[in-house]
Amino acid sequence: MDRTISAEMLRLAEHARAVARRAEARWRALEYRGDWAEAVAMRRLERRMLASGERFAREAREVSSAAHSVE
């Protein structure tokens, strides 16, 4: 069960990082076009997704280490 949770958390972390990469590409394009308001919104989305990815990865490691210590 804990391994399943850990795997799902790692999958979510990778997905959040992928969304952040797409947001970065998008804000760069918006910045190039001069659409500053949208570029700022995309940068914020990128930061939130990166933070979420890090949080999911950290929680997956904690679940994994907790399951290891129980065994």
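User: What span should helix H1 have at 1.5 Å a residue, and how far apart are its end C-alpha atoms?

Analyst: In this predicted model, helix H1 covers residues 2-33, and because each of its 32 residues is counted at 1.5 Å, the helix should span 46 Å. Its end C-alpha atoms are 46 Å apart, which agrees with that expectation.

User: Ok, and what comes after H1?

Analyst: Gly 34 follows helix H1, and the phi angle of Gly 34 is positive, with a value near 90°.

User: How many helices and strands are there in the protein?

Analyst: The protein has 2 helices and 0 strands. Its radius of gyration is 16 Å, whereas the globule rule gives 11 Å for 71 residues, so the protein is more spread out than a compact globule.

User: What box do the C-alpha atoms fill, then?

Analyst: Taken along the principal axes, the box filled by the C-alpha atoms of the protein is roughly 55 × 15 × 10 Å.

User: Back to H1 for a moment: which of its residues are buried?

Analyst: The buried residues of H1 include several alanines, among them Ala 13, Ala 16 and Ala 20, and they also include Ser 6, Met 9, Val 19, Trp 27 and Leu 30. Over the whole protein, 27% of the 71 residues count as buried.

User: Why does Ser 6 count as buried?

Analyst: Ser 6 has a relative accessibility of 10%, and it counts as buried because the cut-off for that word is under 20% relative accessible area. Ser 6 sits in helix H1, and if residues up to four places away in sequence are not counted, Ser 6 touches Ala 60, Val 63 and Ser 64.

User: What about Ile 5, is that buried, exposed or partly exposed?

Analyst: Ile 5, which is also placed in helix H1, is partly exposed, since its relative accessible area is 35%. The C-alpha atoms of Ile 5 and Ser 64 are separated by 8.8 Å, although these two residues are 59 residues apart along the chain.

User: And Ala 13, what is it in contact with?

Analyst: When neighbours within four places in sequence are left aside, Ala 13 is in contact with Gly 53, Phe 56 and Ala 57. Ala 13 belongs to helix H1, and it is buried because its relative accessible area is 1%, which falls under the 20% cut-off. From C-alpha to C-alpha, Ala 13 and Arg 58 are 9.1 Å apart in space, while in sequence they are 45 residues apart.

User: How much of the contacts comes from residues 24 or more positions apart?

Analyst: If you take the contacts in the protein with a separation of 6 or more, residues 24 or more positions apart account for 60% of them.

User: Let's look at His 15 and Arg 21 too; how accessible are they?

Analyst: His 15 is at 45% relative accessibility and counts as partly exposed, and Arg 21 is partly exposed as well, with a relative accessible area of 48%. His 15 is found in helix H1, and the place of Arg 21 is in helix H1 too.

Notes: Residues numbered from 1 in each chain as written. Predicted model: local features only at pLDDT ≥ 70, side-chain atom pairs only at ≥ 80, totals over all residues. Heavy atoms only, no water. Helix = DSSP H or I, 4+ residues; strand = E, 2+ residues; numbered from the N terminus. Expected span 1.5 Å × (residues − 1). Buried < 20%, exposed > 50% of the residue type's maximum accessible area, 1.4 Å probe, protein only. Contact = heavy atoms within 4.5 Å. Rg over C-alpha atoms; globule rule 2.2 N^0.38 Å.
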